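Let's walk through this structure together, one region at a time. Have the sequence and the 3D view open side by side as you read.

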Amino acid sequence: QVQLVESGGGLVQAGDSLRLSCAASGRTLRNSYMGWLRQTPGKEREFVAAIYWNGGSTDYADFVEGRFTISRDNAKNTMYLQMNSLQPEDTAVYYCAWRDLWSPTWKAYGQGTQVTVSS
């Protein structure tokens, strides 16, 4: 069972940047996807970005619009989300997620980290 621990959230102003981190442990991340999802009160969790651990290919939600970059450090089993040009609508709890190559849905989540962007 994989364990995921996020860090790096906080309170910033519109236009600022933040980098989120997700440290994974408990299993190999080979043949896995790691991703970021976010959730605001009263709404369903939504996809932000994902990375295929083996080759590093990435996928982003349309609303990212080139502002966010997902990356990984194989040696540290850690994934990152660099968020630039943050806007108030990016305010949410951001979750790190994991699924294996053959699973259509995310199988594990971290505890979440709050990102608040003030206008």
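**A walk through the strands**

The side chain of Thr78 has a polar atom that lies 2.9 Å from the backbone oxygen of Lys76. This is a polar contact, meaning a pair of N or O atoms within 3.5 Å; within protein, one must be able to donate a hydrogen and the other to accept it, and residues adjacent in sequence count only if both atoms are side-chain atoms. Before going further, please keep in mind that this is a predicted model, where local features need pLDDT of at least 70 and side-chain atom pairs count only at pLDDT 80 or more, while totals for chains, interfaces and linings use all residues. Residues are numbered from 1 along each chain as its sequence is written, and side-chain values use heavy atoms, with hydrogens and water left out.

Thr78 itself belongs to strand 8. Strands here are DSSP runs (E, at least two residues), numbered from the N terminus. With a relative accessibility of 9%, Thr78 counts as buried; the term buried stands for under 20% relative accessible area, exposed for over 50%, and partly exposed for what lies in between (1.4 Å probe, protein chains only). Thr78 is also the bridge partner of Ala23, which leads us to the sheet.

Four strands make up an open sheet in the order 1-3-8-7, with antiparallel pairing. Strand 1 (3–7) and strand 7 (68–73) stand at its edges with a single partner strand each, so one side of each is left without a neighbour in the sheet. From one strand to the next, the twist averages 15°, taken between axes that are lines fitted to C-alpha atoms, with angles running from 0 to 180 degrees between N-to-C directions. Two strands count as paired if DSSP finds at least two bridges between them.

Strand 1 and strand 3 are antiparallel and share five bridges, and here Leu4 stands opposite Ala24 of strand 3. Strand 3 then pairs with strand 8 over six bridges, again in the antiparallel sense. Strand 8 (residues 78–83) is joined to strand 7 by six bridges, and these two run antiparallel; Ile70 faces Leu81 of strand 8 across this pairing.

Next, look at the rings. The structure holds one aromatic pair: Tyr33 and Tyr52, tilted, at 5.0 Å centre to centre and with 40° between the planes. Rings of Phe, Tyr and Trp (its six-membered ring) pair if their centres lie within 6.5 Å, and planes under 30 degrees apart count as stacked, over 60 as edge-to-face and the rest as tilted. Tyr33 lies in strand 4 (residues 32–39) and Tyr52 in strand 5 (residues 46–52), so the pair ties together parts that are 19 residues apart in sequence. Tyr33 is partly exposed, at 23% relative accessible area, whereas Tyr52 is buried, at 16%.

Finally, visit the loops. Asn31, between strand 3 and strand 4, has a positive phi near 55° without being a glycine. Glu65 also has a positive phi, about 50°, and is exposed, with a relative accessible area of 66%. Ser85, in the loop between strand 8 and strand 9, is 70 residues from Gly15 in sequence but 4.2 Å from it in space, C-alpha to C-alpha. Ser103, in the loop between strand 9 and strand 10 (108–109), is buried at 6% relative accessible area, and its side chain reaches the backbone oxygen of Thr105 at 2.8 Å.
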